[in-house]
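Subject: Structure handover

Hello,

Here is the structure I promised to pass on. Please open it alongside this note.

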Amino acid sequence: MKLSYRTPASLRPDSETRDSRRFSGLDGLRGIAVSVVLVFHFFPQVLPGGFVGVDVFFVISGFLITGLLVDEYARSRRISLRRFWSRRVRRLVPPLVPLVLLCCTVAWMLGGDVLVGLGWQVLGAVTFGYNWVSIAGSASYFSATSPELFRNLWSLAVEEQFYLVWPFALLAVPLIRSARIRLAVVCTLGVLSVLWMGFLFQPGTDPTRVYYGSDTHSFGLFAGAALALLLRRPNGLGAPTRNANAGAARTGPAGFTRFASRLASPARLRPWLGLTALLGIGAAAAWLPAAGPSAYRGGLAAISLLSCVVIWAAVRGARFGRWLDTPALRWIGERSYGIYLWHWPLFVLAGVAWPAAGVEVHLLVAAVAVLVAAASYRWLEQPVRRRGLRGGIRSLSGFATESWSRLAVVGVAAMVGLILVGGTTAAVVVAPAETSAQARITSGRHMLEAAQADRKREDAERKSDPTTAPAPVAPGDLISAVGDSVMLASAPELEDRFPGILIDAAVSRGMRAAPDILAAQAAAGTLRPVVVVGLGTNGPITTDELLAIEAAIGPDRKLVLVTAFADRDWTAGVNEALAGFAAHHRLVGIAGWHDAIAPHTDVLAGDNIHPGPTGGRIYADCIASALDWLAPQHPLHGRDPYRLGQDPVVLRPVS
């Protein structure tokens with residue numbers, strides 16, 4: 001069956017080229033991939049693994065770009081790097097410019113946390129190095145403390161870096177005479193990227209480095225490149241054969257390798273294999289955890305292989321390709337680049353403008369992103385692709401000179417452009433150094449460091465002068481607290497409410513870290529009679545982890561578990577697990593942070609997770625109420641020293 005090779009309009013680098021070719025099904029697949037990404041960002045509880053859509057894009061890009069380069073070399077025995085890169089610029093840059101200018105200006109008008117780090121974000125966007133700039137700045141793809149306006153541009157940076165290097169590699173491929181060895185070399189590069197990702201990934205830590213890295217996350221691009229080489233003539237990148245026609249006869253009218261022909265022979269199975277692979281991608285989108293080891297030690301690589309199967313089944317099978325290219329999916333796929341560009345910045349800006357935004361606002365943002373992308377595709381991307389940048393400018397000049405009204409339209413557009421440039425400049429200049437949540441976390445960290453220094457100084461004074469009277473026991477001297485960044489942000493208020501409290505809190509800490517920390521304190525003799533654990537914001541928990549905490553602190557210590565408050569799909573499960581555990585274990589109480597702060601989210605930082613000063617007082621009051629409840633329920637002595645009063649949880653103003 002002869003193939004129709006015409007590059008999809010949404011990725012057609014030079015529409016004016018007569019021999020441009022389109023692959024069946026790829027627009028539809030791109031439509032599915034971008035839809036999965038949108039659902040993941042807007043409704044993560046629906047598709048917690050929807051980030052795999054980006055890996056599908058990587059495979060498609062590697063397949064198309066390699067195919068274009070291979071075809072060019074097959075026709076002319078050379079690859080024009082200037083033409084290739086100029087086509088990439090014409091494809092990617094025009095939609096990016098209005099995105100950056102408009103979103104930065106709106107962010108400047110809104111102000112607040114969204115401006116933090118905007119300068120390096122813009123630098124990463126314009127240099128296509130966003131992923132490495134983010135890694136150098138210790139930014140986190142999985143953090144909610146900083147609403148990065150252009151976070152989604154990391155994947156564009158990975159692709160652009162591939163486009164920069166890959167043509168040079170393909171120029172070296174003709175030195176390898178064997179088609180199988182050439183294919184093996186490309187596959188080896190992909191395998192090395194997979195292994196490097198698995199090696200660098202450390203369970204329990206933020207995986208942004210391995211997720212963003214071009215070295216660790218390029219296997220999808222290599223997988224697509226390998227598929228493109230597999231489905232082409234074995235001599236397409238090598239020296240010409242003595243009899244090109246004979247070679248074509250041996251490999252079939254489409255010029256595929258013998259291996260590819262044998263692979264494609266079961267035509268009836270092909271659509272079912274493609275459908276099975278597509279369902280596998282859907283299953284991963286529904287269940288693959290974004291920060292778990294299964295994603296980075298084989299999961300994302302499996303998505304790349306499944307994407308290759310889908311592409312193979314689509315381009316080699318007319319029925320499956322037509323099924324993917326349904327009108328709606330194809331329309332979305334052709335505009336997928338613009339949709340991907342616009343959806344995340346609009347989502348962030350909407351969250352800043354309406355912090356309590358619900359499903360309706362998210363759906364509205366998705367609709368606006370699609371409309372803006374459609375307008376960009378119609379009036380910006382397509383004209384530039386057809387006429388080039390210079391041709392577009394000449395067309396604009398001709399439009400302006402036809403009438404005074406059209407000249408006025410162009411003048412207004414130019415004025416708006418200047419305003420956007422000014423707004424972007426102002427946004428970068430006035431951007432604060434850290435978010436409100438980061439400022440609270442930093443304040444808590446400084447307070448803990450100061451308290452630790454004071455304790456060391458007092459211990460040294462008592463050792464140097466044995467006659468010094470011991471300090472009176474304060475309520476906090478009986479409490480050891482282990483927590484995450486929420487507890488760290490509340491540290492000043494905890495110290496104020498419980499003077500002398502021993503706090504061990506860190507950013508991005510999960511429940512699995514608590515048993516080891518508490519066991520180490522118990523072994524060192526520093527673990528106090530009351531233990532407060534405030535973990536659960538950063539991921540789901542298990543009963544085994546809670547049992548390990550109970551074993552680490554021993555049978556005679558009281559345990560207070562703080563419920564979690566965050567817009568995360570695991571929060572409800574965390575709080576249910578904590579409540580269930582407390583109901584069946586002696587000396588365990590619940591500090592109801594979730595229920596106490598829910599009516600007062602206005603006292604939280606901009607991320608709607610970390611407390612400000614008033615929120616920190618509510619956090620401390622929740623712990624005090626839990627200790628008050630524990631005292632009469634489970635007395636250890638006749639006069640319980642852990643009873644801290646009967647004050648109810650109240651919202652107290654900042655003094």
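How many nonpolar, polar and charged residues does the lining of the second largest cavity have, by class? There are seven nonpolar, four polar and one charged. Ala, Val, Leu, Ile, Met, Phe, Trp, Tyr, Cys and Pro count as nonpolar, Asp, Glu, Lys and Arg as charged, and the others, Gly among them, as polar.

Some ground rules come next. This is a predicted model, where local features need pLDDT of at least 70 and side-chain atom pairs count only at pLDDT 80 or more, while totals for chains, interfaces and linings use all residues. Residues are numbered from 1 along each chain as its sequence is written, and side-chain values use heavy atoms, with hydrogens and water left out.

**Cavities**

A search of the whole structure gives six cavities of 30 Å³ or more. A cavity here is a set of points, on a 1 Å grid over the protein atoms alone, where a 1.4 Å probe fits but cannot get out; lining residues have an atom within 4 Å of a point. Grid points are joined across faces, edges and corners, and the volume is the space filled by probe spheres set on the points.

The largest cavity holds about 250 Å³. It is lined by 18 residues, and F57, S61, L156, E159 and Y337 are the closest to its centre. Two or more lining residues come from each of α2 (52-76), α3 (81-110), α6 and α16 (336-353). Helix α6 gives the largest share, five residues. Helices (H or I, at least four residues) and strands (E, at least two) are DSSP runs, numbered from the N terminus. By class, eleven residues of this lining are nonpolar, three polar and four charged.

The second largest cavity has a volume of about 70 Å³. Its lining includes D484, G534, W593 and Y619.

**Strands**

G534 also belongs to what follows: V530, V532 and G534 point one way from β3, V531 and V533 point the other way, and all are buried. Buried means under 20% relative accessible area, exposed over 50%, and partly exposed in between (1.4 Å probe, protein chains only). Strand β3 spans residues 530-534, and five of its five residues are buried.

Strand β1 (residues 479-483) runs parallel to β3, joined by five bridges. Two strands pair if DSSP finds at least two bridges between them. I479 has V530 as its bridge partner in β3. Strand β4 (residues 558-562) is also parallel to β3, with four bridges. There, V533 stands opposite L561.

A481 sits in β1. It counts as buried because its relative accessible area is 2%. A481 and V560 are 79 residues apart in sequence, yet 9.1 Å apart in space, C-alpha to C-alpha.

**A kinked helix**

Helix α13 (residues 293-316) has 24 residues, so at 1.5 Å a residue it should span 34 Å, and its end C-alpha atoms are 34 Å apart, which agrees. The expected span is 1.5 Å times one less than the number of residues. There is a kink of about 50° in α13, centred on G299. The bend at a residue is the angle between axes fitted to the seven residues ending there and the seven starting there.

**Two positive phi values**

Most residues other than glycine have a negative phi. S138 is not a glycine, but has a positive phi of about 60°. It lies in the loop between α5 (130-136) and α6 (153-172). S138 counts as exposed because its relative accessibility is 65%.

N608, also not a glycine, has a positive phi of about 65°. Its place is the loop between α25 (593-597) and α26 (613-633). N608 counts as partly exposed, at 28% relative accessibility.

Best wishes

Conventions. On a 1 Å grid over the protein atoms alone, a cavity is a set of points where a 1.4 Å probe fits but cannot get out, and a pocket is an open set with protein on both sides within 12 Å along at least five of seven lines; lining residues have an atom within 4 Å of a point.
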